[in-house]
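Q: Hi! Could you walk me through this structure? I have the sequence and the model open.

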Amino acid sequence: MERSTCDVLIIGGGISGGSLLYLLANYTDIEHLCLVEKCDSLDALNSNAHNNSQTLHEGDIETNYSLEKAKHVQAAAGLTKTYALDVAGDDSMIRRYGKMLLGVGDEEVATVRKRFEEFKELFPTLELLDADGIGQLEPHVALVDGSLRDEPIAALHNPEGYAVDYGKLTDHLVKTAQEADGKTVEVLLSTTAKKLKRVDDGFEVRCGDRLMHARFVVVSAGAHSLLLAQKMDYGTNLSVMPVTGSFYFAPKVLDRKVYTVQNDKLPFAAIHGDPDLTAPDKTRFGPTALVLPVLERHNAKTAWGFLESFNFDNDVAAVLYELMKDKDIHDFVYRNLGYEMPYYGKRSFLKAARKIVPSMQVEDLEFAKGYTGIRPQLIEKKERRLMMGAGKIDEGDGIIFNMTPSPGATSALDNARVDMNSIASQLGCTIREDAFKSVFNQSAQVTSSTTSDVGHM
Ligand SMILES: Cc1cc2nc3c(=O)[nH]c(=O)nc-3n(C[C@H](O)[C@H](O)[C@H](O)COP(=O)(O)OP(=O)(O)OC[C@H]3O[C@@H](n4cnc5c(N)ncnc54)[C@H](O)[C@@H]3O)c2cc1C
């Protein structure tokens, strides 16, 4: 077997792995980097534009974010926005559509108004719209047969709202890393990392037909990360609950992203309507949220990996029991099960979509076949709670594992910045602060993730 070495080995060629490869190649003095990806292309799974909602989450329209959280989320998203707009400068990768938070009914209208007062300073381009204002921007949201819909509505509108093709962004980050001066950056596709073993001065990992020695390893393998961690006895306090998300297409009825007020108990439940960078003549509605026993949708072989990292025991059972006892959550689970059924699914989904576009008809909806991803939600077993945000295992001993449910794509560069700091301090390397600041207008020195404790499905 061929043997090779590198300083840092990154496992996973999605937006998380790509972001870290870019930061290490461009802003540290680490010389030899290697990224391995088991599929035959980068961004084949959750980071692909078909498999997520393409939203750059900045915290203004996500009602599960408090003002304090929104400040952090805005800064994290700022890195992604700066890279896509200024470094890549490719308008097929990022587009400004604008975004809306829609409130329907008296209670939600009050929530929207209150949020406007609280958030307008942090988001100076935010505006509050009444039904007429909404009708001018999004007639299909406000009007039915030319007249205002029956229920009271109000919305927050921010023209500064972006859709990002996180797959294209990944490709660009990796290409930029490979072009970095004086660096060796290897990218191995169709190469599965297996049998991670701690050895003197680092790790040995089977990467296809090579035995790779790395001084440091970062596992950014999406839903597979926890499985790899547990094979090395890390993260045994965690269990993974894979929540798949699918979408429906409708003809183009929206010009911007339209989100709705979320149920506080289910910060992840509400579907939204979005323009799609890859299907400009359509509006995409979703995602649904269905728990399935696989780590990749439509890949039954990953069921075994799920079983291993589900790590079922009394604590997991207790968390699931507590969740299902709650009527809102129980109903939500069954509703989402229905959304994916033939014939009934479309009709059931229509009810949810009509909150956004009240005149929608069943024949307008078409299940978006093949558009689906997995959000690896984590269960903290000892504390018996479902974690909503991303998970990271970094014990300062040469290996990091990243678990990245939504909105992991928005915060991938921010999360990679945290890993870059940890790697630099553990390996004794230098971070080029000035170079980072001149591109991103933020400091490279961040030691803890700002977004890990917030998230949604
Ligand atoms: C329905 C849905 C909607 C979403 N919407 C949004 C949104 O609007 N905005 C947002 O910010 N986020 C969103 N997200 C979340 C976002 O898509 C993910 O957080 C992000 O893509 C995760 O990126 P990643 O690189 O960590 O993982 P992935 O993209 O899953 O990449 C992991 C890679 O690791 C590879 N891999 C796994 N095991 C191995 C191995 N042993 N060896 C080599 N390679 C391996 C996989 O093949 C894969 O390519 C959404 C997710 C879903 C499912």
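Q: Let's begin with Tyr-248. Which residue is its bridge partner in strand 19?
A: Phe-367 is the bridge partner of Tyr-248 in that strand. Do keep in mind that this is a predicted model.

Q: How many bridges join strand 14 to strand 19, and which way do the two run?
A: There are 11 bridges between strand 14 and strand 19, and the two strands run antiparallel.

Q: Is strand 14 largely enclosed or largely open?
A: Largely enclosed by the rest of the structure, because 13 of the 14 residues of strand 14 (residues 238–251) are buried.

Q: Switching to the ligand: how many residues surround it, and which are the closest?
A: The ligand is surrounded by 40 residues, and the closest are Gly-14, Gly-222, Gly-245, Gly-373 and Gly-408.

Q: What's the shell like by class?
A: The shell around the ligand has 23 polar, 14 nonpolar and three charged residues. Helix 1 (15–27) supplies at least two residues of that shell, and so does strand 19 (366–380).

Q: OK, what about the largest nonpolar core? Which members touch the most others?
A: Val-8, Leu-9, Leu-21, Leu-33, Ala-155 and Val-217 do, out of 122 residues in that core. Domain 1 (2–98 + 160–440) and domain 2 (99–159) each contribute at least three residues to this core. In soluble globular proteins, nonpolar side chains tend to be buried together.

Q: What does Leu-21 touch?
A: Setting aside residues up to four places away in sequence, Leu-21 touches Ile-10, Leu-33, Leu-35, Leu-173, Val-174, Ala-177 and Val-185.

Q: You mentioned two domains. How far apart are their C-alpha centres?
A: The C-alpha centres of domain 1 and domain 2 are 30 Å apart. Across the boundary, 24 residues of domain 1 are in contact with 25 residues of domain 2.

Q: Which elements of domain 1 supply residues to the side that touches domain 2?
A: Helix 2 (67–88) and strand 15 (257–260) are elements that each supply at least two residues to that side of domain 1. By class, this side of domain 1 has 11 nonpolar, six polar and seven charged residues.

Q: New topic: Phe-306. Where does it lie?
A: Phe-306 lies in helix 8 (residues 303–310).

Q: Why does Phe-306 count as buried?
A: Because Phe-306 has 22 C-beta neighbours inside 10 Å, and the cut-off for buried is 20 or more.

Q: And which residues is Phe-306 in contact with?
A: Apart from neighbours within four places in sequence, Phe-306 is in contact with Pro-242, Pro-293, Val-294 and Leu-295. The C-alpha atoms of Phe-306 and Leu-292 are separated by 9.2 Å, with the two residues 14 apart along the chain.

Q: Last one: how do strands 11 and 12 pair up?
A: Strand 11 (residues 193–199) and strand 12 (residues 202–207) run antiparallel and are joined by five bridges. Lys-197 stands opposite Glu-204 of strand 12.

Q: How many residues sit between those two strands?
A: Two residues lie between them in a hairpin, and Asp-201 in the turn has a positive phi of about 55°.

Technical notes. Residues numbered from 1 in each chain as written. Predicted model: local features only at pLDDT ≥ 70, side-chain atom pairs only at ≥ 80, totals over all residues. Pairing = 2+ DSSP bridges. Helix = DSSP H or I, 4+ residues; strand = E, 2+ residues; numbered from the N terminus. Near = placed C-beta within 6 Å. Nonpolar A, V, L, I, M, F, W, Y, C, P; charged D, E, K, R; others polar. Core = buried A, V, L, I, M, F, W, Y, C linked by C-beta atoms within 7 Å. Buried ≥ 20, exposed ≤ 12 C-beta atoms within 10 Å, placed from the backbone. Domains from an automatic or database assignment. Contact = placed C-beta atoms within 7 Å.
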